[in-house]
Structure formats: structure tokens, C-alpha cells
Amino acid sequence: MRLGLVIDLDTCVGCHACAVACKQWNTSGTTGPLTDYRPYGEDPSGVWFNRIRHYEVGDYPNNKTINFPMSCMHCEDADCVTVCPTGASYKRKEDGVVLVDQTKCMGCNYCSWACPYGARELDRESGTMKKCTLCIDRIYDESLAEIDRQPACVITCPAHARFFGDFDDPDSEVSRLVRERDGRQLMPEVGYNPTNRYLPPRLSTPIPTDDVRRPGLAGKVKEWVNKAVAR
């Protein structure tokens with residue numbers, strides 16, 4: 001079994017609901033959008049297991065905004081595990097999930113430096129490293145309905161841009177999406193073989209310009225502007 005996520009970059013709207021839901025389930029109870037501690041103090045701080053980056057690609061009118069969620073990739077060859085001096089960082093054999101044993105972590109930051117994805121953050125309050133756990137407590141909780149045994153980010157996503165499943169099962173939804181939509185690894189050149197995959201954005205329709213929507217409007221605007229400047 002090899003559990004992980006597929007993220008559809010064509011569908012993600014960058015709403016940050018996944019990040020907030022992750023934080024709410026894993027760290028903050030009912031205060032997901034706030035920092036973990038001292039949210040209204042002079043030195044607020046905290047940890048986010050999932051962050052969303054935003055990029056603009058292409059040139060107008062062929063440009064497109066890409067919202068790019070990033071969290072732990074649960075790599076097959078995870079250097080964050082091999083560099084850990086205490087054995088706190090480890091990869092589970094039964095499902096491939098990478099975790100941090102909070103009782104062993106001494107906050108040395110070695111694993112954070114080894115991760116090319118910036119997926120680990122040091123919690124200054126506990127002095128230990130935190131990261132995405134794939135909501136390990138949810139996905140194996142038999143008291144929950146089967147549909148709810150998924151990471152909080154997947155359940156919450158309003159655009160249905162996130163999918164969870166077993167990549168070793170060729171018939172699983174995540175395996176099918178990777179085959180059909182050319183799912184790709186992030187930075188495969190570093191050799192970590194990340195489990196998570198991204199579905200690339202499809203080609204977008206060019207944004208209509210004023211000249212296309214209302215012929216002659218752009219020229220009139222320029223004329224008005226030139227008159228105003230001349231005055």
C-alpha cells in the first residue's frame with residue numbers, strides 16, 4: 001500500500017480551505033484560521049502543514065493563475081528520514097506515510113533542511129518538527145463512516161481538487177487520474193520519488209481584450225486619455 005494525494009491544478013481555486021481544515025483538525029480545534037498561540041499578541045506564531053502558493057503563467061491575454069498547494073510529499077526515498085539523528089522521522093512500511101515521532105524529535109531542523117519542498121516547520125512552542133500526517137488518525141478510524149476516512153483537506157475542498165488513495169492499487173481513483181491526466185511528481189530530478197502527484201492545468205481560453213469585446217473601445221479610451229493629458 002502507498003497512500004498519498006493527487007491535486008488537480010486545473011481545478012484548485014486557491015481558497016486555502018484545505019490549509020485551514022488541516023490546521024483545525026490537527027492543531028487548533030475551532031481556531032483553524034488563527035495562529036497556534038498568541039494569535040492576538042505581539043509575537044503570534046504557529047505551524048501550517050499545508051500551504052498554497054500562487055503563480056501567474058503566460059502573458060496576457062494568454063495568462064493563467066495557478067494555485068499550487070504544497071505539503072509533505074511522503075517520498076519513497078525521503079532524505080528527511082535518513083538525516084534524522086534521533087529516528088524521530090520515519091516512514092511507515094505498511095502504507096508509506098512519513099511521520100514524526102514527537103517524543104523523539106529534538107528540533108534540530110536537519111529534516112527541514114533536507115526537504116526540498118519546504119514541507120516541515122518547527123513549532124517554537126513544543127520545540128519539535130511538524131508536518132502533514134495525511135490525517136493518519138482519521139483514515140484508520142473505524143468509528144467514522146467510510147466516506148469520512150480521508151484527510152481533512154480532501155473532505156473540505158469545495159472545488160473537489162484533492163483526491164486521496166492507494167497508488168499501489170491500479171484501479172484506485174488516484175491511479176486512474178494519474179494515468180488519464182498525466183499526473184506528475186514535483187521536482188522529480190532530486191530523486192526523492194514523491195508519492196503525491198499533480199494534475200497539470202489544461203490550456204485556457206485567451207482572456208478577451210477590450211478590442212475583441214467592443215471594437216474601437218480601446219482606441220476611444222486612448223483618445224480620451226490624450227485629451228486629458230493635453231489639458
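Three aromatic pairs are counted in this predicted model. Rings of Phe, Tyr and Trp (its six-membered ring) pair if their centres lie within 6.5 Å; planes under 30 degrees apart count as stacked, over 60 as edge-to-face, and the rest as tilted. Tyr 55 and Phe 68 form an edge-to-face pair, because their ring centres are 6.3 Å apart and their planes stand at 85 degrees. This pair links distant parts of the chain: Tyr 55 belongs to strand S2 (residues 51-57) and Phe 68 to strand S3 (residues 64-70), 13 residues apart. Helices (H or I, at least four residues) and strands (E, at least two) are DSSP runs, numbered from the N terminus. Ring pairs join Tyr 55, Phe 68 and Tyr 198 into a cluster.

Burial was assigned from relative accessible area: buried means under 20%, exposed over 50%, and partly exposed in between (1.4 Å probe, protein chains only). Phe 68 is buried, at 14%. Tyr 55 is partly exposed, with a relative accessibility of 41%.

Charges also sit over rings. The criterion is NZ of Lys or CZ of Arg within 6 Å of the ring centre and within 35 degrees of the ring normal. The charged end of Lys 23 lies over the ring of Trp 48, 4.8 Å from its centre. For Arg 138, the charged end is over the ring of Trp 25, at 4.5 Å from the centre.

The model is predicted: local features need pLDDT of at least 70, side-chain atom pairs count only at pLDDT 80 or more, and totals for chains, interfaces and linings use all residues. Residues are numbered from 1 along each chain as its sequence is written, and side-chain values use heavy atoms, with hydrogens and water left out.

The chain holds eight helices and nine strands. Of its 231 residues, 41% are buried. Contact means heavy atoms within 4.5 Å. Among contacts between residues at least 6 apart in sequence, 56% join residues at least 24 apart.

Three strands make an open sheet in the order S8-S1-S9, with mixed pairing. Strands S8 (162-166) and S9 (197-199) are the edges, each pairing on one side only. The twist averages 25 degrees from one strand to the next. Two strands pair if DSSP finds at least two bridges between them. S1 (residues 3-8) and S9 run parallel, joined by three bridges. Here Asp 8 stands opposite Leu 199. S1 and S8 run antiparallel, with five bridges. Gly 4 faces Gly 165 across this pairing.

In a regular strand the side chains alternate between the two faces of the sheet. In S8, Arg 162, Phe 164 and Asp 166 point one way, while Phe 163 and Gly 165 point the other. Five of the five residues of S8 are buried.

Helix H6 (residues 173-181) lies across S1, S8 and S9, running at about 115 degrees to S8. Axes are lines fitted to C-alpha atoms, for helices over the stretch in contact, and angles run from 0 to 180 degrees between N-to-C directions.

Val 6 is in strand S1. Val 6 counts as buried because its relative accessibility is 0%. Beyond its neighbours within four places in sequence, Val 6 contacts residues including Phe 163, Val 174, Leu 177, Val 178 and Leu 199. Val 6 and Val 178 are 172 residues apart in sequence, yet 7.8 Å apart in space, C-alpha to C-alpha.
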